[in-house]
Amino acid sequence: MTALDPTGFPAADEAASAVVSGGTSIGAAGALDVSVGRIRREQLHQLLRSKTFVVGAVIVLWWVVCAIFGTLFVPFNATATDILNTNLAPSAAHWFGTNNVGEDVFSRVIVGARDILEIAPLATLLGTVLGTTIGLAQGYLRGAVDMIVGRIVDAALALPIVIVAFIFVVAVGPSTLTLVVVIGFVFSLIIARTVRTAVLQERELDYLAAARLRDERVLHVMFVEILPNVLGPILVEFTVRLGYAIFTIATLSFLGFGVQLPTPDWGADVASNYGYLAAGFWWETLFPALAIASLVIAINLIGDSIESVLIQ
Amino acid sequence: MLLYVLKRLGLALVTLVLLSLIIFFAGQVLPGNAGRAILGPFASQQAVVALDHKLGVDRSLIAQYWSWVSGIVQGKLGTSYQFQAPVSSFLWPALGRSLKLAAFAFVIVVPLSIFGGIVAALNRGRVVDRVISTTSLSLSTVPEFVSGVVLIVLFAIGLKILPVTANPPSGSPFLTQLKYLILPAIPLVFILFGYIARMARAGTVEALDSDYVRTATLKGLPRWVVIRRHVLRNSLLPTITVIATQTGYLIGGLVVVEKLFTYPGIGTLILTAANDKDFPMLEAGVLFIGIVYLTATLIADVLYTVLNPRIRLGASE
């Protein structure tokens, strides 16, 4: 892979090439017969000592708690409209004010964590499983499979991911399932690229030559021999993609093709209230926006610390 | 060299054909019956059939794809369902306005991020480096509409120094127009800053660690001469290509920013088309975004080859 491969989110290339070195170092350690388990445990300790990881994890955990138990502790029903109390400024009763249909903004922000934290991990998981399979096949089999899949990946990634996701969601109509499948599928193409690069480096190593000489089955080589050695880059790719999945879903919701109102959702709430910004009603837009910001930044802090631990 | 350019061009064309197939599939096959989508559930079956025939969507898929593609090659982008007028009369002005906003964002972000990346690299491992790297990483992961909202609240509502929308009163002078584009451009700048600064930092760090910089330093050259003459030249190479590939991303970001600031560019065009189920407009808009992206990537590839002596002279890297 040259440094020039276009991807919708350009950081992917850089992350990929940076991470591949991490992946091979794990592979090399395995070859040296050092206990892989001990290395993993040391890495985990290192991770827990990293401040960025802890900060990120605490924020994500907070939103997960909100997503699961939010409805139990919010002061108001998040979808209860109140036309006599619309656009109220933040006060003791309504901490974050009320929006243009009189819903309590604080309650909506808390409960709004639910849908995005359901869709994003599912989509990322689908993308990772599918992408790993495609990437393993491309990298190990090479030849026609590699070339044809590579061309399709290039074509799909010739558009910004938000737009690819958007035309498919428009075509089949927005629903949770559509979002998971569309984003998972688009992300699988990017993940396939990273995995392919990692597999190409593994391919040159002796253990694969040995596997070929032993005449092992292709699937066995791909999933039992190679996969454990490229797990590092895949893990990093998973966290990076999770951040982008939230980015993409929030953006689609903002554009009107993601989670649909009246379900509380940060992106959709920004979309339905930003028209009132000019009138000075900033609270109904700002708080959901800050919630999105805190979640994506937290996930990227986690991804960043995992990456730096793996590369060492 | 020429062979390489031709090969890249050929690959780009193959990608373009595949892209057109994907768009055609999403725009024409998946949504099902176009006549029904336009007329709604209460229209009679007869009216739907008549409209389908008029639109040509009752023909075979191959015939439809062929007439769509051959039309585009001849510069005929089709007729908008919604406005009953040629798509091109909407597409070109919108594309022009988007390019204006994009160019403005580029003019701000390119010098700023290269400078930031180089400063971070020269202070590698110190506080300045960590602040620049962490801030830029965080900024580039926040969706454009999120940073846009925060900016509007701060500068348009709190401080009241910049307008809330991107549309100046008609006939405003150039500088006033730019003032209206400042807030919409900043979210794009945030995202791009992270990528370009990262690349510039990585390139500079690599150059700083190289043998030729060591030689130059040991030769007794002053530090700033070493940096200007030996480091910068080499570190900017990968940065240039990143800048070119960012053009594609930028157009995606425009969709979001244009909606937030109600700016009538290509993003607003495809969003409106999607809401109205105006598929000819949507397909043409998305296809042109793809074409702009492919062109930018092609230029980036070729530029990298031209600028990199190791590739230019045919040696393997």
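Student: Is A:Glu103 buried or exposed?

Tutor: In this predicted model, A:Glu103 is buried, with a relative accessible area of 6%. The cut-off for calling a residue buried is under 20%.

Student: Which side chain does A:Glu103 meet in a salt bridge?

Tutor: The partner is A:Arg108, with an N to O distance of 3.2 Å. A:Arg108 is itself buried, at a relative accessible area of 2%.

Student: How many salt bridges does the whole structure hold?

Tutor: A search over all chains finds 7.

Student: Let us take another one. What does A:Asp146 pair with?

Tutor: The side chain of A:Asp146 forms a salt bridge with that of A:Arg196, at 2.8 Å from N to O. A:Asp146 belongs to helix H6 (residues 143-156) of chain A and A:Arg196 to helix H8 (residues 176-203) of chain A, so this pair ties together parts that lie 50 residues apart in sequence. A:Asp146 is buried, with a relative accessible area of 8%.

Student: And which residue forms a salt bridge with A:Asp304?

Tutor: That residue is B:Arg198, and the closest N and O atoms are 3.9 Å apart.

Student: How accessible are B:Arg198 and A:Asp304?

Tutor: B:Arg198 is partly exposed, with a relative accessible area of 29%. A:Asp304 also counts as partly exposed, at 32% relative accessibility.

Student: Back to chain A: which residues are joined into one network by salt bridges that share partners?

Tutor: The network consists of A:Glu103, A:Arg108 and A:Asp269.

Student: Changing topic to helix H5 of chain B: how many residues does it have, and what distance does it reach?

Tutor: Helix H5 of chain B (residues 88-122) has 35 residues. From its first C-alpha to its last it reaches 49 Å, close to the 51 Å expected at 1.5 Å a residue.

Student: Where does the kink in H5(B) lie?

Tutor: The kink lies at B:Val109, shortly before the proline B:Pro111, and amounts to about 25°.

Student: Now the surface. Which residues make the nonpolar patch?

Tutor: The patch is made by A:Trp62, A:Val64, A:Val65, A:Ile68, A:Phe69, A:Leu72 and A:Phe73, and covers about 660 Å².

Student: Which helix holds A:Ile68?

Tutor: A:Ile68 is in helix H3 of chain A, which runs over residues 51-73.

Methods
Residues numbered from 1 in each chain as written. Chains lettered and ligands numbered in written order. Predicted model: local features only at pLDDT ≥ 70, side-chain atom pairs only at ≥ 80, totals over all residues. Heavy atoms only, no water. Patch = residues over 30% accessible without salt bridge, like charges linked within 9 Å, V, L, I, M, F, W, Y side chains within 5 Å. Areas by Shrake-Rupley, 256 points an atom, 1.4 Å probe, with all protein chains shown as cover. Salt bridge = Lys/Arg side-chain N within 4 Å of Asp/Glu carboxyl O. Helix = DSSP H or I, 4+ residues; strand = E, 2+ residues; numbered from the N terminus. Expected span 1.5 Å × (residues − 1). Bend = angle between axes of the 7 residues up to and from the residue. Buried < 20%, exposed > 50% of the residue type's maximum accessible area, 1.4 Å probe, protein only.
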